[in-house]
Amino acid sequence: MADIQVRRNKKVVQKCYLSGPVKESDLEVVVSDTVQLALPPGSTAVIVKNLYISIDPWNFSMKKDASTSPLSVITGYGVAKVVVSRYKDFRAGDLVLGITGWEEYSLISDPNSLIKINYPDLPLSYYTGILGMPGMTAYIGFYEICAPKKGEFVFVSAASGAVGQLVGQFAKLTGCYVVGSASSAEKVNLLKEKFGFDDAFNYKKEQDLNAALKRCFPEGIDIYFENVGGAMLDAVLLNMRHSGRIAACGMISQYNLEKHEGVHNLLNIITRKLRMEGFFVSDHFSKYRKFEEMVARHLKSGKITYVEDIAEGLESAPTAFVGLFKGKNVGKQLVVIARE
């Protein structure tokens, strides 16, 4: 079988070149009539039915990408089922994780980029988060870049999000003291009561972030997992201990700004002998199986837990995406396209 005919293919497209804060009106849900999805002759491509898509701040990069033309389908990480395959490692019915489209069906020209799911007994939605790109991001940033030691002091910004909630739990498993920041009292309670953070604070209620960090870390911070940037990073730099490590995963406070905020305390990187390293998780997927096995084991034993914010239907994707930048999600934001 080389192609498949579908009654429709609903998709989310970028309506125009973007500038300023992303708005729901910048994206549009369109429905194609009956379409024939065909595999190019001689290719090793696959056609997948998308089940879940991950809604992540990095999708915002579409705004800055001049090569992303209007009416292009938005892409991102997702969980899908293979329906047609010419690739030797995949058969129809296989469940996979990887970059796909915000649409019901996608043609994947490079199936080598897809990862076959090994634990279908766990919730498939987890492969958009704790067992997917966000979980892998937490794993690489914390274990590989920050190299934590038992007893160290760890701070996580945007701590209730898809990445932060895992970093905090990894820190506790390592025997560290961990504090997180979040944007509401509900999220602060979640960090302390469900994820086991030692302390947490609502950064929106703090008049002085430097003072808040000194209150939480009177002896200073050894490891900072950076998700926010801006004023939070500036305050953290004043509170790092000597030889501290900063894993720069994201800077969501800056994504919607036309002019990025300056950081004034960079001299502390030198005087305190700090190491700050940015990374793309896509450069580390050779370690995925090791990560997947560790996290699946901890999930099954109950040593780690996870919270998802699930939106139903592809038409909900624009609202869910814009809500990320307003802190509306509680836990990992994802969209269900189909459950089978």
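# Helices and strands, question by question

Q: Which residues in H5 do Leu209, Asn210 and Leu213 in H4 meet?
A: This is a predicted model, where local features need pLDDT of at least 70, side-chain atom pairs count only at pLDDT 80 or more, and totals for chains, interfaces and linings use all residues. Residues are numbered from 1 along each chain as its sequence is written, and side-chain values use heavy atoms, leaving out hydrogens and water. Looking for contacts (heavy atoms within 4.5 Å), we find that the three H4 residues meet Ala231, Met232, Ala235 and Val236.

Q: How many nonpolar residues does the contact of H4 with H5 have?
A: Sorted by class, this contact has one polar and no charged residues. Nonpolar covers Ala, Val, Leu, Ile, Met, Phe, Trp, Tyr, Cys and Pro, charged covers Asp, Glu, Lys and Arg, and polar covers the others, Gly among them. The nonpolar count is six.

Q: What word describes how H4 lies relative to H5?
A: Helix H4 (residues 209-216) and helix H5 (residues 230-237) have axes that come within 9 Å and cross at roughly 50°. That angle makes H4, relative to H5, oblique.

Q: Is helix H8 largely enclosed or largely open?
A: Helix H8 spans residues 317-324, and its buried residues (under 20% relative accessible area) include Phe321, Val322 and Leu324. Among the elements covering them are strand S2 (9-14), S3 and strand S5 (46-54). Because seven of the eight residues are buried, H8 is largely enclosed.

Q: Which residues of S17 point the other way from Lys332, Leu334 and Val336?
A: In a regular strand, side chains alternate between the two faces of the sheet. In S17, Lys332, Leu334 and Val336 point one way. Every one of the five residues of S17 is buried, so the strand is largely enclosed by the rest of the structure. Pointing the other way are Gln333 and Val335.

Q: In S17, which residue is the bridge partner of Tyr52?
A: Strands S5 and S17 run antiparallel and are joined by three bridges; pairing takes at least two bridges found by DSSP. The partner of Tyr52 is Val336.

Q: Which residue stands opposite Val335 in S17?
A: S17 also pairs with S16, in the parallel sense, over five bridges. Opposite Val335 stands Ala311.

Q: Which residues is Val31 in contact with, leaving aside its neighbours within four places in sequence?
A: Val31 is found in strand S3 (residues 27-32), and its 49% relative accessibility makes it partly exposed. Its C-alpha atom is separated by 25 Å from that of Pro111, 80 residues apart along the chain. The residues in contact with Val31 are Arg8, Asn9 and Lys10.

How values were computed:
Helix = DSSP H or I, 4+ residues; strand = E, 2+ residues; numbered from the N terminus. Buried < 20%, exposed > 50% of the residue type's maximum accessible area, 1.4 Å probe, protein only. Axes fitted to C-alpha atoms, helices over the stretch in contact; angles between N-to-C directions. Parallel < 35°, antiparallel > 145°, perpendicular 65-115°, else oblique.
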